[in-house]
Amino acid sequence: MQELSLNILDIAQNSVKAGASEIHINVSEDKLRDKMTITIDDNGCGMTQEVVQRVIDPFYTTRTTRKVGLGVPFFKMAAEMTGGWFNIQSQVGEGTTVTGEFILSHIDRMPLGDMAETMCCLISCNPDINFVYTRKVDGEVFTVSTRDFTNVLGDVPLNVPQVMEFIKSYIRENTENLNGGTDTI
């Protein structure tokens, strides 16, 4: 994976497969501390501690279609190769939290990528799940929740193309406001 947003997409899809009805994705940049923290948190079925230890092994997967599971190991590697760290916490029946911290200025840090596109992909494919995306840059924050959009739209599905374009533009515009005119780092 060449962008962290693809790691986020993969891990969030794991949350979908775990039966989550609520998935929180947080991207926080602290330029003064030279850190970027990404957290994907869900209320899915969770994992035993034995499985938590195994999911960082690229040759462990619950899939039957292939023999490798690279999403979590790649995310861990991406964080650690910048001098950052990785953590995964999970409780059976309660959910899972995956966190990676990256050194923002490290030469090996992958670009974040297009989070607006990533969020729209997740929302479009899973319109019944409440996604909450929070972006924080040096203390400034914006949050978007699909539940808020659903409350306003009523019976209009979130995955209608016009709604998806609005959500994508909304995320990009708010990210640009936080980031001094750019939606990528």
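Let's start with the sheet: it's an open one of 6 strands, in the order β3-β4-β2-β1-β5-β6, with mixed pairing. At the edges you'll find β3 (85–91) and β6, and each has a single partner strand, so one side of each has no neighbour in the sheet. From one strand to the next, the twist averages 10°. Keep in mind that you're looking at a predicted model.

As a bit of background, strands of a sheet pair up through backbone hydrogen bonds, in either a parallel or an antiparallel way. Here, β3 and β4 go for the antiparallel sense, over 7 bridges. Within that pairing, Gln-89 sits opposite Thr-97 in β4.

Now for the helices on the sheet. Two of them can be set side by side:

| Helix | Strands touched or crossed | Angle |
|---|---|---|
| α6 (residues 161–178) | touches β5 and β6 | about 170° with β6 |

Which residues of α1 are buried? They are Leu-4, Ser-5, Asn-7, Ile-8, Asp-10, Ile-11, Ala-12, Ser-15 and Val-16. An α-helix has 3.6 residues a turn, so residues three or four places apart point the same way. The buried residues of α1 pack against several elements, including β1 (22–30), β2 (35–42), α3 (71–80) and α4 (115–125). After α1 comes Gly-19, with a positive phi near 80°.

Is Ser-145 buried or exposed? It's buried, because its relative accessible area is 10%, and the cut-off for buried is under 20%. Leaving aside residues up to four places away in sequence, Ser-145 touches Asn-130, Phe-131 and Val-132.

Finally, let's zoom out. The protein chain has 6 helices and 6 strands, and along the sequence they follow the pattern α-β-β-α-α-β-β-α-β-β-α-α. Of its 185 residues, 46% are buried. Among contacts with a separation of 6 or more, 61% link residues 24 or more positions apart. The accessible surface of the chain comes to about 9,500 Å², and 52% of that belongs to carbon and sulfur atoms.

Key
Residues are numbered from 1 along each chain as its sequence is written. This is a predicted model: local features need pLDDT of at least 70, side-chain atom pairs count only at pLDDT 80 or more; totals for chains, interfaces and linings use all residues. Side-chain values use heavy atoms; hydrogens and water are left out. Helices (H or I, at least four residues) and strands (E, at least two) are DSSP runs, numbered from the N terminus. Buried means under 20% relative accessible area, exposed over 50%, partly exposed in between (1.4 Å probe, protein chains only). Contact means heavy atoms within 4.5 Å. Accessible areas come from the Shrake-Rupley method with a 1.4 Å probe; for residues, only the protein chains shown count as cover. Two strands pair if DSSP finds at least two bridges between them. Axes are lines fitted to C-alpha atoms, for helices over the stretch in contact, and angles run from 0 to 180 degrees between N-to-C directions.
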